[in-house]
Amino acid sequence: MFGYDEVLQDVRFAFTDRFGGASKAPYGELNLGSALGDDGEAVVENFRMIASEFGVQPDGIVRVSQVHGRDVHVLKPGDQLPVRPMPTADALVTTRPDVVLCVRAADCLPVLLADPAQGVIGAAHSGRKGLYVGVVPATVEAMRELGASRITAVLGPYACGNCYEVPEDMRAEVAERVPASYAETSWGTPSIDVAAGVRAQLGELGVEVIDATSCTPAWSWGPGSRPSLVAPVASLPPLLSPGREAP
Ligand SMILES: [Zn+2]
């Protein structure tokens, strides 16, 4: 279920893989998106299993409708759960200790962030477009507005620079704004390294980066299968949050 699952200073960072869920082929077992035609019931069941692993109700996994933009949804202390309609955004931040923030990615880069001391967490979905428009810097800014100061970011699996082939002019356009993203595939054609670009954006903002990246084919794609979606979640685990009892 989790290809990465670490508790760092009371904040749990996890990236799901494609195994251990209810979806049938050609979707990854743990598919978390219904947009590509998977059975909605299976996706609901998959979220239920993940929520259970995190010790929250399924409604406690807060999601956004992702559009490759730079809007950040701020979940406020009094907001009702579930958050409906799902906000249109590519990132979430909150100071609430009782929720799991979730972004979904196929080959885009998921980024999970936290300032554990200040109790501020965030999650962002950044592919090529997100890199270009700066969704991760926008997330850091939103976290700082909530009081975050020392932020750590964990970068998850994505289509790496060795694999993410793009037209030459696209590489040039993105590299003009984020030079660190300039890359070449393992077969010598133009590519974009989204994580290298995001790492540079975070470095400029003084955010510590933990690199948990790997290339997505090993995580979410099987031979002959269609891409399934991975769902990284960041949460203050109920068991570790001060003043809260376990559900
Ligand atoms: Zn790769």
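Helices (H or I, at least four residues) and strands (E, at least two) are DSSP runs, numbered from the N terminus. This is a predicted model: local features need pLDDT of at least 70, side-chain atom pairs count only at pLDDT 80 or more, and totals for chains, interfaces and linings use all residues. Residue numbers start from 1 along each chain, as its sequence is written.

**Close-up 1. Helix α1 spans residues 40-54.** The helix has 15 residues. From first C-alpha to last, α1 reaches 21 Å, close to the 21 Å expected at 1.5 Å a residue. That expected span is 1.5 Å times one less than the number of residues. Gly-55 follows α1, and its phi is positive, near 70°.

**Close-up 2. Helix α1 has a buried face and an exposed side.** Val-43, Asn-46 and Ile-50 are the buried residues of α1. Seen down the helix axis, these buried residues fall within an arc of 60°, so they line one face of α1. The arc is that of the directions from the helix axis to the C-beta atoms. An α-helix has 3.6 residues a turn, so residues three or four places apart point the same way. Gly-40, Glu-41 and Ser-52 are exposed on the other side of α1. Buried means 20 or more other C-beta atoms within 10 Å of a residue's own; exposed means 12 or fewer; partly exposed is in between; C-beta atoms are placed from the backbone. The cover over the buried residues of α1 includes β2 (11-16) and β3 (61-62).

Close-up 3. Pro-82 sits in the loop between β4 (72-75) and β5 (91-94). Pro-85 is found in the loop between β4 and β5.

**Close-up 4. Gln-9 has a positive phi.** The angle is about 50°, although Gln-9 is not a glycine. Gln-9 lies in the loop between β1 (2-8) and β2. Its setting is exposed, with 11 other C-beta atoms within 10 Å.

**Close-up 5. His-68 has a positive phi.** Here phi is about 60°, and His-68 is not a glycine either. The loop between β3 and β4 holds His-68. This residue is partly exposed, with 16 other C-beta atoms within 10 Å.

Note on methods:
Contact = placed C-beta atoms within 7 Å.
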